[in-house]
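Biologist: Let's go through this one together. I'd like to hear what stands behind each label you use.

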Amino acid sequence: MDGDDLALFERSLRAAVERRSSAELDHALDDLGWPDALRSDPQAAVSSLFALQGRAHATSDALTGVVADALGIDCDLDTGIVLPAAGRWAAPGRLEGRTLHVHGAALAAFASRSEALVVATAGDDVVAVTVPTASLPRRPVEGIDPWMGLQEIDARGLEATAVPQPVAEGWPAAVARAQLALAHELVGASRRMLELAREHALEREQFGRPIATFQAVRHRLADTLVAIETADALVDAAWLDGTARTAAMAKAVAGREARVASKHCQQVLAGIGFTAEHELHRHVRRVLVLDALFGTSKALTAALGAELAGSRRLPPLLPL
Amino acid sequence: MDLDEYRAGLDAWLEHHAEALAPAHEGKGTLDEQLAQIEKVKRLAFDAGWMRHGWPERVGGLGGSTLLRAYLQEAVTARDLVEPGLFSMQEVLAPTMIDFASPELGAIMVPRLLRGDETWCQGFSEPGTGSNLASLACRAVRDGDTWRVTGQKVWTSLAQYAERCVLLTRTGTVESAHRGITGLFVDMDSPGITVRPIEAVHGSEEFSEVFFDDVVVPAERMLGAEGQGWSVAMDLLPYERSTALWQRAAFLHRRLQQLLELAPADSLDPVRLGEVTQTLYAFRARSRATQHRMADGGTLGPETSIDKVLLATTEQAVFDLFADALAAELTTGDDPASSQWRAEFLYSRAASIYGGSSEIQRNIIARRLLDLGSDR
């Protein structure tokens, strides 16, 4: 997409993410041609939608679409995809012969699909198995962010009747894409928190002057912007270099920096930010869930560190 | 020449002339040795043309994108050919000369800096003027076709080696603050200049105090117009946070790789190692975007303060990781390699101080990027 197309697309997306429910947003995204954009220009489609979704605290099924696209699966409206359970990024299923065990999560739209695709390890292989959605026991997650509509799936000993399809390189690629999408969403949520804290700092007066004049407050907000731009730069770089490792780094940094942003912004918003009526807490909650999906910053960082300590070789640097 | 062609050509040239380019000294070397090495590398690279790419033709360059300069900085740093901080000074001083010196002066002087024929220094800070640059007091008084300069500078890198100085002087009243400052390009062998080196914590006399006692400077050595010195400073400071920082990222990448090779098994905490690596890659990604913005003709401004904060965080994190993993080398190692690590660890403490402290950068971010208004 060129500059004008992208601006138009983003304007339409902005209107779409204002919708209240995931189902409404999903319909709006279909109408807008977001799934086509995902195929033709994944970076533009993913970065613009997820940044806006993060900002607006909106939910959609787009993450499922991103995973399906990266797996090379033409996911029709009747097939849902099981995502890894919170905190994990390995394939959610394990296939032993024809017996399938699933420990995963799904987004709100999953409930309305009749079939579910489970990516599963089968010995050394990774395969995709389709099962009836109804056969997967689901628990609606209230958790720290009840607005997210997340569901937890735990199934042991299912019989897989459909023939498993190989996905080969597909799963790491799908994880990388999902991590980039989530990183954009985390950056979007962080930017919104900074906006809220900034407005408050300029309006709220203490000791006869706006609290934005106090250096302690200014430096917290400055550190928040540094945190956000740090994450954003690495996410852009991850698109450029296209490796799964950089995508995981970007997700980890975006998660960590979003938590830095939460902390600073909640401190600046102080009492009002502690109330249920103020918007802030929704973002603080969402950030924690987004950080957990496809690997927490802590776990991804530890995995990277262990890999480097083992290989004693830094990954190549993004060239100029 | 495009970047890919330049990269391939320069890499091949560096490879082919590895022996001629290699430092004569072991480890970090003395300051004299570091400077001699920089002069050698610059001369060879200038005469072979590589040092001239990315600079305008009117100052002896061969034109082309500023990305070529960034790659040169990266390539020589990644091979440990030069002391990176000192080598990158040209990336700070030459662009300012190009922007503010008269075309004749720029055409004569800039090639001397790029070829390593001369060393230059930057006379900004004063004993009473650290973060509050606009309060500087080193006085210049107009006397016919000359300026007469009296006052003192401090933290002037390489002043004892320098042939020239980009000097900020007070030409208005002290109350005129940033409006009454004028930039001058001063010959360091002018009568009345005394240089007294300062030994810094990392064991190097990199900085000096410089005293000016009625030093005569011809008026044609003005950088910009009278009273335009603040623009000179504001022009220079973002350069300090662009190509120079890209090179710094290359340096830190090399040191982190060496640390990975050196550290005993189990001495590296995986979470810290992962975090430092991520921070370094994010710093590099941020700096890359800045290089491209500059190459596309964009002006660099307050957003480079984010790059500078990130540099300080990254550099200190890399050397803190070293201090944790190789505590014996840091504290009691006396071999050249340990001495070099120790010097670089100590120098890394200054990353949040020089070139505008991290507090000043946060003030800039708050006022200029977040638009939080004045802080009083």
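Modeller: His57(A) sits in the loop between H4 and helix H5 (62-71) of chain A, where helices are DSSP runs of H or I with at least four residues, strands are runs of E with at least two, and both are numbered from the N terminus. This is a predicted model, where local features need pLDDT of at least 70, side-chain atom pairs count only at pLDDT 80 or more, and totals for chains, interfaces and linings use all residues; side-chain values use heavy atoms, with hydrogens and water left out. Residues are numbered from 1 along each chain as its sequence is written, and chains are lettered from A and ligands numbered from 1 in the order in which they are written.

Biologist: Why is His57(A) called buried?

Modeller: Its relative accessible area is 12%, and buried means under 20%, with exposed over 50% and partly exposed in between (1.4 Å probe, protein chains only). So His57(A) counts as buried.

Biologist: What is there to say about the phi of His57(A)?

Modeller: Phi of His57(A) is near 55°, a positive value in a residue other than glycine. The residue comes just after H4(A).

Biologist: What makes H4(A) mostly covered?

Modeller: Of its 15 residues, 11 are buried. Among them are Val46(A), Leu49(A), Phe50(A) and Leu52(A).

Biologist: Asp80(B) has a phi near 55° too. Which label does Asp80(B) get for accessibility, and why?

Modeller: Asp80(B) has 24% relative accessibility, so it counts as partly exposed. You'll find Asp80(B) in the loop between helix H4 (66-78) and helix H5 (84-87) of chain B.

Biologist: What about Glu303(B), buried or exposed?

Modeller: Buried, because its relative accessibility is 19%. Glu303(B) lies in the loop between helix H10 (270-295) and helix H11 (304-325) of chain B.

Biologist: Which residues does Glu303(B) touch?

Modeller: Not counting residues up to four places away in sequence, Glu303(B) touches Arg286(B), Arg293(B) and Leu369(B); contact means heavy atoms within 4.5 Å. The C-alpha atoms of Glu303(B) and Arg368(B) are separated by 8.4 Å, although the two are 65 residues apart along the chain.

Biologist: And Arg7(B), why is that one called buried?

Modeller: Arg7(B) comes in at 18% relative accessibility, so it counts as buried. Arg7(B) belongs to helix H1 (residues 3-16) of chain B. Leaving aside neighbours within four places in sequence, Arg7(B) is in contact with Pro319(A), Leu320(A) and Tyr71(B).

Biologist: Why do Cys121(B) and Cys138(B) count as buried?

Modeller: Cys121(B) has 0% relative accessibility, so it counts as buried. Cys138(B) counts as buried because it has 1%.

Biologist: Zooming out, what is chain A made of, in helices and strands?

Modeller: Chain A has 10 helices and 11 strands. Its radius of gyration is 20 Å, close to the 20 Å that the globule rule gives for 320 residues, so chain A is as compact as a globular protein of that length. The radius is taken over C-alpha atoms, and the rule is 2.2 Å times the number of residues to the power 0.38.

Biologist: What confidence does the predictor give?

Modeller: The complex gets an ipTM of 0.95 and a pTM of 0.95. Chain B has a mean pLDDT of 95, with 100% of its residues at 70 or more; pLDDT is the predictor's confidence in each residue, from 0 to 100.
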